[in-house]
Amino acid sequence: MKIAVLGSGVMGNGIAQVFATSGHTVTLVDISFDVLRKAEESITKSLTKLAQKDANLDPVEVKGRLEFTTDKQKIHDANLVIEAITENIEVKKKVFKELDELCEPKTILASNTSSLCISDIAAVTSRKDRVCGMHFFNPVPLMELVEITATDETSVETVQIAVDLVKQMNKQSIHVKDTPLFVVNRLLVPLICEAITLVEEGTASPADIDKAMKLGAHHPIGPLWLADMIGLDTMLNIQEALFVKTNDSKYRVPELLREMVSKGELGRKSGKGFYQYYVSSELPTNLQTS
C-alpha cells in the first residue's frame with residue numbers, strides 16, 4: 001500500500017518508520033529540506049538501534065521504502081495519508097481541505113491528532129466517509145497502542161482498513177468515540193497538569209513528584225518527565241483544546257505551563273523543561289530542574 005505522512009517531526013517520522021518497517025512504501029512530506037534531513041537522521045538512528053535487537057530487521061531495506069520530499073503532489077495517489085502536523089484546528093482544517101482537493105477519491109485521510117475532534121477536521125472535506133483518526137504514541141516504534149477514531153460518517157470499510165494496518169505493524173488498536181483527547185490523553189493530561197500545578201504551588205520539586213508517582217503509584221516514569229518527553233508546547237495545546245471544548249474549570253491550563261512555553265522551555269526537544277537535557281544525549285540530568 002502507498003502511504004503518505006504529512007509532517008516529519010517526532011510523531012511524523014516515527015509513523016513513517018513503522019509503516020515502512022511493515023513493508024509499505026512511504027512518502028514523508030514536510031515544508032523544509034532541513035527538517036526532512038533531521039527526520040531521516042532520526043529514523044536511521046532508530047532503525048540501527050532496533051536492528052541490534054532484531055536480526056530480521058534490515059535498516060537499509062526499510063529506508064529503501066522511504067521517500068523524503070517537500071513536493072505534496074507526489075502523494076496525490078496515496079492509499080492513505082496521515083497528517084502529523086501542529087496541534088491547531090485551523091491549520092489542520094486548511095491542510096485537510098488541501099489534501100481533499102489534491103488526493104484521488106480512493107485516498108483515506110487520517111489525522112494523528114491527540115486532542116481534536118475528527119468530525120471538526122472531516123467537515124472541510126468532501127469525503128467524510130474516508131476520514132478517521134489514527135492516534136499513535138511517542139516513541140512510535142516502541143509504543144504498542146493506536147487509538148482509532150471514527151465519526152458518525154466514517155465508513156465501516158475505512159475503519160477496518162485502519163485496524164488492519166495497525167495489526168500489520170504488530171501494534172494494537174482500540175476504538176474510541178469522537179471526543180476530545182480520546183481515552184489515553186483524557187486520563188493522562190489532567191494528571192500531568194495537576195503535577196505541574198503542584199510545582200507551581202511549591203508543594204514538591206519535579207524530581208520528588210516524579211519519584212512519588214513511580215514509587216507510590218508504580219508508574220514507569222513520572223508525569224513531569226513524561227511531559228518533557230511529549231513536549232510542553234504540545235501539552236499546552238492539548239489542555240487548551242480540552243478546556244475550550246468542555247468549558248470545565250477542572251481542565252484549566254496551569255500558568256507555569258504557559259510561562260515555560262513562552263520562554264521556549266519545551267522539554268526534551270528544546271533541551272530544557274522540568275529537567276535540563278544534555279545536547280548530545282536524550283538522558284536528563286535528573287536533578288537540574290527549572
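Okay, so before anything else: two strands pair if DSSP finds at least two bridges between them. Keep that in your head, and remember that what we're looking at is a predicted model.

Eight strands make up an open sheet here, the pairing is mixed, and the order reads 3-2-1-4-5-6-7-8. At the edges sit strand 3 (66–69) and strand 8 (172–177), and each of those pairs on one side only.

Let's zoom in on one pairing. Strand 1 (residues 2–6) and strand 2 (residues 25–29) run parallel, with five bridges joining them. Find Ala 4 and you'll see Thr 27 of strand 2 standing opposite.

Next up, aromatic rings. A pair like that is described by the distance of the centres and the angle of the planes. How many aromatic pairs does the structure hold? Two.

Take Phe 19 and Phe 136. Their ring centres are 6.2 Å apart and the planes sit at 65 degrees; over 60 counts as edge-to-face, so that's what we call this pair. Phe 19 belongs to helix 1, while Phe 136 is in the loop between strand 6 (131–135) and strand 7 (145–150), so the pair ties together parts that are 117 residues apart in sequence. And both Phe 19 and Phe 136 are buried.

Then there's Trp 225 with Tyr 275: centres 6.0 Å apart, planes at 50 degrees, so this pair is tilted. It also links distant parts of the chain, with Trp 225 in helix 9 (residues 223–230) and Tyr 275 in strand 9 (residues 275–277), 50 residues apart. Is Tyr 275 buried or exposed? Its relative accessibility is 3%, and buried means under 20%, so Tyr 275 is buried.

While we're at helix 9: six of its eight residues are buried, so to speak mostly covered. Among them are Pro 223, Leu 224 and Trp 225.

Last stop, the second largest pocket. There's about 360 Å³ of space in there. It has 17 lining residues, and the closest to the centre are Val 18, Thr 21, Pro 141, Met 169 and Asn 170. Which helix gives the most to that lining? Helix 1, with three residues. Helix 2 (33–51) supplies at least two, too. By type, the lining splits into eight nonpolar, five polar and four charged residues.

That's my tour, thanks!

Definitions and conventions: Residues are numbered from 1 along each chain as its sequence is written. This is a predicted model: local features need pLDDT of at least 70, side-chain atom pairs count only at pLDDT 80 or more; totals for chains, interfaces and linings use all residues. Side-chain values use heavy atoms; hydrogens and water are left out. On a 1 Å grid over the protein atoms alone, a cavity is a set of points where a 1.4 Å probe fits but cannot get out, and a pocket is an open set with protein on both sides within 12 Å along at least five of seven lines; lining residues have an atom within 4 Å of a point. Grid points are joined across faces, edges and corners, and a volume is the space filled by probe spheres set on the points. Helices (H or I, at least four residues) and strands (E, at least two) are DSSP runs, numbered from the N terminus. Ala, Val, Leu, Ile, Met, Phe, Trp, Tyr, Cys and Pro count as nonpolar, Asp, Glu, Lys and Arg as charged, and the others, Gly among them, as polar. Rings of Phe, Tyr and Trp (its six-membered ring) pair if their centres lie within 6.5 Å; planes under 30 degrees apart count as stacked, over 60 as edge-to-face and the rest as tilted. Buried means under 20% relative accessible area, exposed over 50%, partly exposed in between (1.4 Å probe, protein chains only).
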